[in-house]
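Please look over the sequence and the model shown below.

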Amino acid sequence: MFRVISIDGGGARTLLSTYIIRELQILLKEENILFEFTDFDLYAGTSAGSIVASFLSIHKSPQEICELFEEMIPHIFPRERKKMYTNLLRMGDFGIPRMGAVGSKYETKTLNNVLNQAFQTMTFQDVYKEYQSRLMIATVDINPIGSRILKTPYVASAEKEQYIYLKDAITASCAAPTYFDPYILTFNNPHASAHTREFCGADGGLFLGNPAMAALIEGLQCIEEKADINYMNIKNIKVLSIGSLLSGIRYEIRPAFWWKWGIGTGWKGAQFVDSVMEIQKAHVHNMMKRLVPDNNYLRLECDMAEKIDIDLDVERYQELFRLKAQELVRIQRTKILSFFRDN
């Protein structure tokens, strides 16, 4: 059985994903199921989910990942920057949205610096050679426009990506429009021609907020190495899809003027980006349910009526997210145990 873990994007809300993974590990240990997160054959991540997938691929424990992510968020989304940006965009008695009218809300350089602390000079090749991990990270190429899935060199087509720094691939995947500027990513490949050594990347969630489907296809390609043609079947792949948070309705049916799209409201940039990503995630989930046998696909995510921004305050939501993760794992206990026992 080829086992895949796929982790959605979601900004700081991805903290909830780390708590879900930790609760899964606790449950598996309680039930004496001999499965570790190092046992996955492929790790897939988009945006902030690429941070978690990368940590898993270098064999960080779920507890370590929770702690690292908690520590990283306030540095990636600093409060003083958020406050400054809000005040800058305040007009008279009407506050307009914080994003989309002036520029990106946070510094991409700061994001990269935070990731540098976590991953330093580790490359895709290092991940594959030192940990034997297949890792795929989704991003978008701005010029020319197109999708990109960066991979550790477990297939020949990914060889040109082996010198990419992990921190740079993640930064590009996390560069959500209106929150961060696009990021110029260098392949660092001495054998590549000059015009192919870099590209300008933006958030992978623009086309792959939920990377489960892409990971499924990648899994099928990986098992083609098997000599037995009968092994090349979706039934031989298991996909664990970790979402973060479905939160609130972002558009009213009959909104007041200042809630509409337009230059005066910054085109509702942040709400639009968030909504597009959530629609895409839901679509992928629906397709996965149609394609993959029930016991081979498990999707775990929480729902909440409250609208929670991707640059949330960690201290405010930390305990709530812990409780939501515990509740989710408790409710889905039977499905979870069935998924992991049948390996």
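In which helix does Cys222 lie? Cys222 lies in helix H9, residues 212–222, where helices are DSSP runs of H or I of at least four residues, numbered from the N terminus. The model is predicted, with local features needing pLDDT of at least 70, side-chain atom pairs counting only at pLDDT 80 or more, and totals for chains, interfaces and linings using all residues. Residues are numbered from 1 along each chain as its sequence is written, and side-chain values use heavy atoms, with hydrogens and water left out.

Cys222 has a relative accessibility of 4% and therefore counts as buried (under 20% relative accessible area, 1.4 Å probe, protein chains only). Leaving aside neighbours within four places in sequence, Cys222 is in contact with Phe2, Arg134 and Tyr154, contact meaning heavy atoms within 4.5 Å.

Of the 16 residues of H1, 13 are buried, so this helix is largely enclosed by the rest of the structure.

| Helix | Residues |
|---|---|
| H1 | residues 15–30 |
| H3 | residues 62–76 |

The axes of H1 and H3, lines fitted to C-alpha atoms over the stretch in contact, come within 9 Å and cross at roughly 165 degrees, the angle running from 0 to 180 degrees between N-to-C directions. H1 and H3 are therefore roughly antiparallel to each other, a term for angles over 145 degrees. To this contact H1 contributes residues including Leu15, Tyr19 and Arg22, and H3 residues including Ile65, Phe69 and Glu70.

Technical notes
Helices (H or I, at least four residues) and strands (E, at least two) are DSSP runs, numbered from the N terminus. Buried means under 20% relative accessible area, exposed over 50%, partly exposed in between (1.4 Å probe, protein chains only). The expected span of a helix is 1.5 Å times one less than its number of residues. Angles under 35 degrees count as roughly parallel, over 145 as roughly antiparallel, 65 to 115 as roughly perpendicular and the rest as oblique.
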